[in-house]
Amino acid sequence: MEISPSAIHDHNDKLLSTHKRKLEQTAATIPATNDLIQKLIDFQVAIPSWALGTGGTRFGRFPAGGEPRNLEEKIDDIALLNSLNKSSGAISLHIPWDIPENPKHIKALATQCGIRFDAMNSNTFQDQKDQKLSYKFGSLQHVDKAVRDQAIEHNLQVISHGENLGSKSLTIWLSDGSCFPGQLNFRKAFQNTLESLEQIYAKLPSDWKLFIEYKAFEPNFYSMTVGDWGQSLLYANKLGPKAFTLVDLGHHLPNANIEQIVSLLLMEEKLGGFHFNDSKYGDDDLTVGSIRPYQLFLIFNELIEGMDSRGMNHTSDLGWMIDASHNVKDPLEDLLQSVEAIQIAYAQALLVDRSALEHAQSINDVTQAQEILQDAFRSDVRPLVAEARLKAHGALQPLALFRELNIRSELIKSRGVKTIATGL
Ligand code: PSV
Ligand code: MN
């Protein structure tokens, strides 16, 4: 479903005078507004192909209706999001959930919609219908070389799909691990995994990056073979300069200091990308910023500090992706909220007075350091985020326009109520 530029224009027109008033108030107290707005315009967050439909838990799933029935419709949905917020100009594909059967056509469709292909994701955590060997006891770590070879081959196929589409990175998340003490020899599992990753890495195109995503638990509950950033960093260091750690915000043990992890990975030049989501208990995959917005801000604070200290490009030097699941909300509304939360945290972190913070740190002025961070966090940057959208020809209030245009009902009309998108 396409949103006409005139619908966006009419929506913006109605809200323009109120928006301008708020923007003037903000600009009066926030320095370097134009520079900040340009950074917001440039910042793009990839949408996962597996999160455009309703998610579920193992207890049930309650579909919203009108879910995309194929990859073409998923691209349409992302184009729709992007025409509203102008910040979702990329898709991250999961294989085999979203195999591009006709890559030329898919690439042309995406290009026409202004969507590029971000990281490709492989899947060796589920058995597929016609698969010869099972991943029940792991994939790249498996005690049986034939299973490892099968999983390696799958990753190579994913790279080849990605090459056809113009992607430049592969994210490997392994569910490999063990459920009970004694089940695995940790060292052998690590070594098998490393050897398998080495074979994938050897075939990685020269301009590609390999992202190694870690997760503390689930579906294995005793050990995970890539269980934390230390293990991921070990693999990445052993593999070489094209291998990086990927941080998924939901993949830590409770109360982990993710901002410190981010800072140190950047220092080691080994932070590759992000899967954004939010959580209260585990890998809850909730809307970004819905539970711990201050933590999200602190993470962006470290990202900006670390990236700027190395002269990195905020937009292109790391992979920015959402990895969430929408169980009770409309998936598209949820994604609009997530992107907005990311932009807000990014903008607030850009406001941090770095030299004042450095000075406070240098004299151990703990109170002042906190004041500086919280002053930025408590600034209302929403008019700046809206202005960035306006300048990029998006909607001042994407969620409100999504509702005004009854987009979900329109999607249900054209696709049906009982459609089910692929994904978890
Ligand atoms: C695993 O929990 C994960 O975060 C990985 O990124 C998977 O690819 C994705 O979720 C599947 O939903
Ligand atoms: Mn993830």
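Eight strands of the chain form an open sheet in the order β1-β2-β3-β4-β6-β8-β9-β10, with parallel pairing. The edges of this sheet are β1 (47–48) and β10 (319–322), each of which pairs on one side only. The model is predicted. In total, the secondary structure of the chain amounts to 15 helices and 10 strands.

Within the sheet, strand β2 (residues 90–94) runs parallel to strand β3 (residues 116–121) and is joined to it by four bridges. In this pairing, isoleucine 91 has phenylalanine 117 of β3 as its bridge partner. Strand β4 (residues 169–173) pairs with β6 in the parallel sense over five bridges, and the bridge partner of tryptophan 173 in β6 is glutamate 213. Strand β6 is also joined to β8 by four bridges, again in a parallel run. Here glutamate 213 stands opposite leucine 246 in β8.

Strand β6 (residues 209–213) is mostly covered, with five of its five residues buried. The burial extends to both faces: Lys209, Phe211 and Glu213 lie on one side, and Leu210 and Ile212 on the other.

Overall dimensions were computed for the chain. The C-alpha trace spans about 65 × 60 × 40 Å along its principal axes. The radius of gyration is 22 Å, which agrees with the value near 22 Å for a compact globule of 424 residues. Of the 424 residues, 46% count as buried. Among contacts between residues at least 6 apart in sequence, 80% join residues at least 24 apart.

In soluble globular proteins, nonpolar side chains tend to be buried together. The largest nonpolar core of the chain holds 105 residues, of which Ile91, Ile212, Ile322, Ala345 and Ala347 touch the most other members. Helix α10 (residues 331–350) gives the most to this core, contributing 12 residues. Alanine 345, leaving aside its neighbours within four places in sequence, is in contact with Gly289, Pro293, Leu296, Phe297 and Phe300.

Helix α8 (residues 258–267) has as its buried residues Ile258, Ile261, Val262, Ser263 and Leu265. These buried residues pack against α7 (229–239), β8 (243–248), β9 (271–276) and α9 (293–309). Just after α8, glutamate 269 takes a positive phi of about 60°.

Ligand 1 is surrounded by Trp50, Asn121, Trp173, Glu213, Lys215, Asp248, His275, Asp283, Asp323 and Leu424. By class, this shell divides into three nonpolar, two polar and five charged residues. Two members of the shell, Trp173 and Glu213, are the bridge partners in the pairing of β4 with β6.

Helix α11 (residues 354–362) contains leucine 357. This leucine counts as partly exposed because 19 C-beta neighbours lie inside 10 Å, whereas a buried residue requires 20 or more. Leaving aside neighbours within four places in sequence, leucine 357 is in contact with Val352, Ala369 and Ile372. The C-alpha atoms of leucine 357 and glutamate 371 are separated by 9.3 Å, the two residues being 14 apart along the chain.

Several backbone features were also noted. Most residues other than glycine have a negative phi, and most peptide bonds are trans. A cis peptide bond joins isoleucine 95 and proline 96, with omega about 15°; proline 96 lies in the loop between β2 and α4 (103–113). The peptide bond from glutamate 218 to proline 219 is likewise cis, with omega near 10°, and proline 219 is placed in the loop between β6 and β7 (223–224).

Positive phi values occur in loop residues as well. Asparagine 364, not a glycine, has a positive phi of about 55° and lies in the loop between α11 and α12 (366–377). Asparagine 364 is exposed, because 9 other C-beta atoms lie within 10 Å. Histidine 393 has a positive phi near 70° and is found in the loop between α13 (382–391) and α14 (398–404). With 12 C-beta neighbours inside 10 Å, histidine 393 also counts as exposed, the limit for that class being 12 or fewer.

Definitions and conventions: Residues are numbered from 1 along each chain as its sequence is written. Chains are lettered from A and ligands numbered from 1 in the order in which they are written. A residue is near a molecule or strand if its C-beta atom, placed from the backbone, lies within 6 Å of it. Ala, Val, Leu, Ile, Met, Phe, Trp, Tyr, Cys and Pro count as nonpolar, Asp, Glu, Lys and Arg as charged, and the others, Gly among them, as polar. A nonpolar core is a set of buried Ala, Val, Leu, Ile, Met, Phe, Trp, Tyr and Cys residues joined through C-beta atoms within 7 Å. Helices (H or I, at least four residues) and strands (E, at least two) are DSSP runs, numbered from the N terminus. Two residues are in contact if their C-beta atoms, placed from the backbone, lie within 7 Å. Two strands pair if DSSP finds at least two bridges between them. The radius of gyration is taken over C-alpha atoms; the globule rule is 2.2 Å times the number of residues to the power 0.38.
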